[in-house]
Amino acid sequence: MLAGLLALTVAAVFAGAAIYVSVAEQPARLRLDDKALLQEWQPSYKRGAAMQASIAVIACILGLVAWWLTGNLAYLVGAVLIILPWPWTLLVMMPANRLLEAMDANTVNHEARTLIVKWGNLHMVGIGLGVLATLAFLWASA
């Protein structure tokens, strides 16, 4: 089933990108001084959010198509799991995101570090959801 294999692949890309952010990018940025930390986070978040959001939508649609064509409930589970980072981000992460986006990156703001650490911890939920979606699609494809 092509849609199912594509859903699996795209969900794995989502999970891999999210893992990369938490194990490579976030620790590296936290070594920066407070001013550079915010200067790095702002454009990185903007690009990453656009990429991750579109990947999640594509994987969700592919999972729904696979579920529709096969009736395999695991595809539906994967589709739901891969789209859950959207409401998580909008309802839970967005207050910190908005504060960080509104900060002047050309001035030192010590609150930025605290918020970026919080953001990194909240980002772990997206990793979990992406990995669980990937596993659901893998299970459905087996």
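Contact here means heavy atoms within 4.5 Å. Keep that in mind for what follows.

This is a predicted model, where local features need pLDDT of at least 70, side-chain atom pairs count only at pLDDT 80 or more, and totals for chains, interfaces and linings use all residues. Residues are numbered from 1 along each chain as its sequence is written, and side-chain values use heavy atoms, with hydrogens and water left out.

Let me start with one residue. Ile19 sits in helix α1. Helices are DSSP runs of H or I with at least four residues, strands are E runs of at least two, and both are numbered from the N terminus. Beyond its neighbours within four places in sequence, Ile19 is in contact with Ile127 and Val131. Val131 is 112 residues away along the chain, yet the two C-alpha atoms are 9.2 Å apart. Buried is under 20% relative accessible area, exposed is over 50%, and partly exposed lies in between, with a 1.4 Å probe and protein chains only.

Now the whole chain. There are five helices and zero strands. Of the 142 residues, 42% count as buried. The C-alpha atoms fill a box of roughly 55 × 25 × 20 Å along the principal axes. Take contacts with a separation of 6 or more: 80% of them join residues 24 or more positions apart.

Next, a helix pair. The axes of α4 (residues 85-102) and α5 (residues 110-141) come within 10 Å and cross at roughly 170 degrees. The two are therefore roughly antiparallel, the label for angles over 145. Axes are lines fitted to C-alpha atoms, for helices over the stretch in contact, and angles run from 0 to 180 degrees between N-to-C directions. By class, this contact has 14 nonpolar, three polar and no charged residues. Nonpolar covers Ala, Val, Leu, Ile, Met, Phe, Trp, Tyr, Cys and Pro; charged covers Asp, Glu, Lys and Arg; the others, Gly among them, are polar.

Last, the largest pocket. Its volume is about 560 Å³. A pocket is an open set of points on a 1 Å grid over the protein atoms alone, where a 1.4 Å probe fits, with protein on both sides within 12 Å along at least five of seven lines; lining residues have an atom within 4 Å of a point. Of the 29 lining residues, Tyr45, Gly48, Ala49, Gln52 and Thr89 are the closest to the centre. The lining divides into 19 nonpolar, six polar and four charged residues.

Key. Parallel < 35°, antiparallel > 145°, perpendicular 65-115°, else oblique. Points joined across faces, edges and corners; volume = space filled by probe spheres on them.
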